[in-house]
Amino acid sequence: MARYILQRFLGMLAVMFVVVTIVFVIVRVAPGDPAAVMLGPDATAQDVATLRARLGLDQPLVVQYVYFLGQLLQGDLGQSIFLDRPVTTALAERAEPTFFLTLFSILIASLIALPIGIYAAYRRGSLFDQAATTAAMLAASIPSFWLGLIFIQFFAVRFGLFPVSGYGGPDAGFLVRLQHLALPALALGVVSSALILRFTRASMLDVLGDDYVRTARSKGMGEFRVVMRHAFKNALIPILTVIGLTAALLVSGAVITETVFGLPGVGNLVVSAVLRRDYPVIQGALLVIAALYVLINFAIDMLYLVVDPRVRY
Amino acid sequence: MSPLKCALLVGAGLAALAAGPALAQQKGGVVNVATVGEPPTLDPMVSTADLVGIITQHVLETLYTFDKNWKVTPLLAEKLPEISPDGKVYTIRLRTGVTFHDGSDMTAEDVVASLKRWTQVASRGKQTAGNIAAIEAVDPATVRITLVAPYAPLTALLAFNNSAAVILPAEKQDNPMKEPVGTGPYKLKERKPDQYIQLVRFDGYKSLPGEPDGYGGARKQYLDEIRFVPVPDANTRIEGALSGQYDYVDALPVEAFDRLKGQKATEPVLLKPFGWPVFVMNTKQGLTESRDVRLAVRSALNMEDMLAAAFGNKEFFALDAAMYPKSYVWSTDKGTEGAYNVGDPEKAAALLKKASYDGKPLRILTSRQYEFHYKMAQVAAEYLKAAGFKVDLQVVDWATLTQRRADPALWDIYITHSPFLPEPALIGMLSTSAPGWWDTPQRRAVVDAFNSEADPKKREALWGEVQRVIAADVPFIKIGDFNALSAKAPKLEGVVPAPWPYFWNASLKK
């Protein structure tokens, strides 16, 4: 088992190294120049060249890469070109909105998807099941930013219930900040619920036909108890896996939603860093997102180890 | 007069007196301003981005600025400079009693250090540096600038808020700037990137006396705070205006005009005219190095169709061959006859034949960061194809465009726009080092004559000559005039439509 864990861990490190290298090369090979963005439209070529030299961007790619790796091994993601602070600080500042957005989106998605998915599986083939499956397909097809704009139209502009964008001003308390998260979380939650709903339904269908469910029923157990205690409990592992992966996806996948709602989260940071060509921030943010993915996958692998003894050998 | 009439008159008089103060602007309140994004820096010397100027003009001030008629007017200087008869020595008297946000007094030493920094780090300052022999303090309230040769745009350059000659304390001249400490009516309290920039009233501010006059005159600090909030998505900015979340919303797509009309929470603000879209030609290398090809491009284009595609309603654009619209002293028709809105494919084809055009693709560089650039490019491409051009429309993001345009091997035309600048010498494309690299003996003769003439009336005539040479040589093509749309809450008073909106003199109705 220790060998299995070590293998997975080494694999994780290899993936991270490849990600780091690809990200480093892609951001530098892509056209665009942070110096030109910083200096504005009327800057001369000489000004741009001077600033490039100051930022170390005039060095050969290999030299920049070795320097970057050296910094990384010391836990230093570098200094943002535009934000006047270390990348780690910039990421830490953006963690709160992204964390709560992910949390609430997953909560909303689960609250929608789990009961509907369970009931749709229980009433397989019924009108409710068909309606739920169709609704899930529709929700999966809707881009979250579009849904976000529709929600803004109704809940913010027409009814004035929530703010349109931002994350509150300097005097905004936690509750005000949460208010700013309501619409984006709802938009992401509705869209994310589709996948969870379909997984829940499929997973429940698998277990509802199993012998132990029939046995439970034959013992005279109430239907609610049969479904929730026996069937759902056993269907939960794949559902939790998909919820976990959806959460990981939301950390990076909320990029457009965060931009539409002007939320200063990690996704928004990535978008503005790409537009400004803030190389250290792009590298740092993508590295953290990739690490998150890899870690969640690693955790799932470990979970399988616990759940399924066959993996150990 | 009957007692009743007398009572009514007295009552009406008292009511009028009571209404007087109510109509006056009130102090207090926080204004939320939605901007197009996060500024790349808060140092307006190093950046020429409009967004940087819009925000920092509240914090950092220049020696001069522009009044409502776009004439240079004193700001930190006491009056306009005394210029020696040979046009080479500018003596600038400074206002006294002006303090920086750190509490220190502004003196000639700060001004000299700041102007020297400007000549070292600002692109406009560097262009001027070659013509500056010395910048020195005569006494604590007087600065002298000695030029190598007469250079009339100097005061306008010192007044401009873009690549700006802002005055900083002598001991705070770091590059990159550590903190924006200036003399402005508002000071920086907090910057949370992509969230807000919070400016608060500077209690030690010394305003000019009298009444506001454009960017000049009195700067009244009614508002307690100004918060600039980046809202990069244009649709979200529109909704933010409609919901009343933002008191002022900058840079809206003109299609939003009808939605903003008749609303409770917001109203449209139209700046008419705002600026001009322009096709810049690469005169250094490639296809458009040939003047005949440049003439062919201009002859092929139908500006009316391009503007209609870009801005839709005629309320938002105007056909205008002159470089400046009628409301500016620089407006002149010189050289424009037959050189605008031609849309004649046969004429263009004949010019291409004359230029021995061999079907090489004409590379047009544009971006969808500004959707109207892209729409114009699409229409232009069709007109150019009709004239016989093979067109390679390269649509890239703005950062890529600004990088590629610096390399003359990569493009033939790039699309940009500019607000109408108060002084023509500030137009970047007139510089030989700007992408386009227009540098001919004719350009040199007319631009140098324009830049060295001090007499305002003579300069107006000389600008006509510059425009004539531009029309003849086609280093760039002005497409027309366009208007800018913003939105403001009805409760926000005292905001004057301006290319770089400002919020001193603004107040909130309670």
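1. A salt bridge here is a side-chain nitrogen of Lys or Arg within 4 Å of a carboxyl oxygen of Asp or Glu, and by that rule four of them cross the interface of chain A and chain B. One joins the side chains of Asp194(B) and Arg276(A), at 3.2 Å from N to O.

2. This is a predicted model, in which local features need pLDDT of at least 70 and side-chain atom pairs count only at pLDDT 80 or more, while totals for chains, interfaces and linings use all residues. Residues are numbered from 1 along each chain as its sequence is written, chains are lettered from A and ligands numbered from 1 in the order in which they are written, and side-chain values use heavy atoms, with hydrogens and water left out.

3. Contact (heavy atoms within 4.5 Å) involves 42 residues of chain A and 41 residues of chain B. The two chains bury about 3,500 Å² between them, 50% of it on carbon and sulfur atoms, where buried area is the accessible area (1.4 Å probe) that two parts lose on being put together, summed over both.

4. Within chain A, an automatic or database domain assignment gives domain 1 (2-73) and domain 2 (87-312), whose C-alpha centres lie 31 Å apart. Their contact takes 21 residues from domain 1 and 17 residues from domain 2.

5. Domain 1 and domain 2 of chain A bury about 1,700 Å² between them, 76% of it on carbon and sulfur atoms. Tyr4(A), Met12(A) and Val27(A) supply 29% of the area that domain 1 buries against domain 2, more than any other three residues. Across this domain interface the rule finds zero salt bridges.
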